[in-house]
Every structure is written in C-alpha cells, then in structure tokens.
Amino acid sequence: MVNSPRNPRQNQRQDQRHELDLSSFSAAGGEPVEWLISDAPVPYPDAVAAMEARVAAIAAGEAPELVWLLEHPPLYTSGTSGKQSDLLDARFPIFATGRGGQLTYHGPGQRVAYVMLDLKRRRPDVRAYVASLEELILRTLAAFNIRGERREDRVGVWVRRPDKGADHEDKIAAIGVRLKRWVSFHGIAINVEPELSHFAGIVPCGVADPRYGVTSLVDLGRIVTMADVDIALKQAFEQLFGPTTALVPEPAA
C-alpha cells in the first residue's frame, strides 16, 4: 500500500520484509518528533490538507517531523490501486486518496496514526520503512499480549483465528503510505474498538478470500481504551524512531 519512488531492483527481490534491518530509522541528533493527539473526530479532507501542508514544511526544513493520532468519522478511502468493484455498499462517504493501496474503512474506535518523517535524512528505503511501520504495530499489539504477524503477500498486520476455522486470519491493522520529496505521510490504522460491520461495505484492501476477515483488540477480548493503545504506540515508536515531544491540540472550532 505504497505510492513512492522505487528502485527498479526492488521489483526483482522477494519482499522478505521481516528480514529487513530496521535499526537505522532513529535519527541521531535530530529534533524530537512532535506527537499530537486529536480528541474530536477529524474530517478526512481536513486531515489530508493538514498533512499536505506539514509535509511541505518538513521537506523545506521549516517544521519538525510529526506523528498525528486521530479518529475519523465513518468513511471509506480508496488508494491508488482502488477498484470500483470493491465498493459493495456506499453507506459512508468515499474519498479518493493519493496513498498506496485499495479500499479501507476509517471510523470511531480505530486509532489512525499519520506519520510524517523525513526519510531522506533518516533512511531513504521505502521497503524498510513499510516494514518499520509493521514492526511499530507488532510491538504495540504485543503490549496487550496479541501476536500480530506479517504476510509477504498482504501488507498490514494479521492475527490467526483458529476458532473460526483452519487457515483463518483476521486483519487488525492497515498500512497506507505516500512520500513527497522523501517525506512520508498517511500511515497506519489499528482497530481498537470500531464497528466491524462497517467493513462489510467494501472488500477491505482487495482481500476477498473468505478465510480472511477483520478484527480488533476488543473483539479479541482485550479490555483496552484508546489511551492505553496510545501509550503503547508511543513507547514502540520511540524504540524504533527516537524521542518524541507532546503537543497540545488546538481547541475544536
């Protein structure tokens, strides 16, 4: 789910993301990454406009890097590989977006983390960056004793569901990335306690196999709050990317 500059040789290599070295994404000596949490749901067009402006400022050296945690009102987004046929029931607004990937759902109870980092300064390696976001999710889930797993043919993080049948797996987190001038934006979405029936309006990320569904931390029996997840997410982020500094969100208009 990536829309970014690529080295042609990358297409010739097997995408063994779990074998990539993720140790060099922490930028030694740089400013802490700003960490912003929005309490009220953020309309999708507003979030995209804010990201576009911040990414341009980061690329120009006029603003620090930023991780923005938020929730959206119920909506669907379609990435650069999105197919109209994957929209089964347009029960919510749908937005075309420049991130990689296909259709996905965002809504209350889902923690979205928009990650705006200068990869040119940190490490200009797209595959390793996607793997680092997967690792960020894996470590966050591990804090709640959930074993998430990568799949080489499916970007995102999955959990095994033997209770549903042989070879059944559910997706618990999605990844969609875009780069401009080697500054990343968009990011990850972790299902904490969203309304899972809302995913039925689409073929999530183009995965139609009936063995593969969608789950959340609460669906897996974890009694957690969004604040709990935010704490675990921040700890995992700092392990992978370096220190952060908290920002106070502006009051809602």
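1. The protein has four helices and 13 strands, where helices (H or I, at least four residues) and strands (E, at least two) are DSSP runs numbered from the N terminus. This is a predicted model, in which local features need pLDDT of at least 70 and side-chain atom pairs count only at pLDDT 80 or more, while totals for chains, interfaces and linings use all residues. Residues are numbered from 1 along each chain as its sequence is written, and side-chain values use heavy atoms, with hydrogens and water left out.

2. Of the 253 residues in the protein, 54% are buried, that is, under 20% relative accessible area with a 1.4 Å probe, counting protein chains only. Among contacts (heavy atoms within 4.5 Å) with a separation of 6 or more, 73% are between residues 24 or more positions apart.

3. Helix α1, residues 44-59, has 16 residues and reaches 22 Å from its first C-alpha to its last, close to the 22 Å expected at 1.5 Å a residue, the expected span being 1.5 Å times one less than the number of residues. Its buried residues are Tyr44, Ala47, Val48, Met51, Arg54, Val55, Ala57 and Ile58. After α1 comes Gly61, with a positive phi near 75°.

4. Gln110 lies in strand β7, residues 110-116, and is buried, with a relative accessible area of 2%. The side chain of Gln110 reaches the backbone oxygen of Tyr105 at 3.2 Å. Leaving aside neighbours within four places in sequence, Gln110 is in contact with residues including Leu70, Glu71, Tyr105, Phe199 and Met226.

Conventions:
Buried means under 20% relative accessible area, exposed over 50%, partly exposed in between (1.4 Å probe, protein chains only). A polar contact is a pair of N or O atoms within 3.5 Å; within protein, one must be able to donate a hydrogen and the other to accept it, and residues adjacent in sequence count only if both atoms are side-chain atoms.
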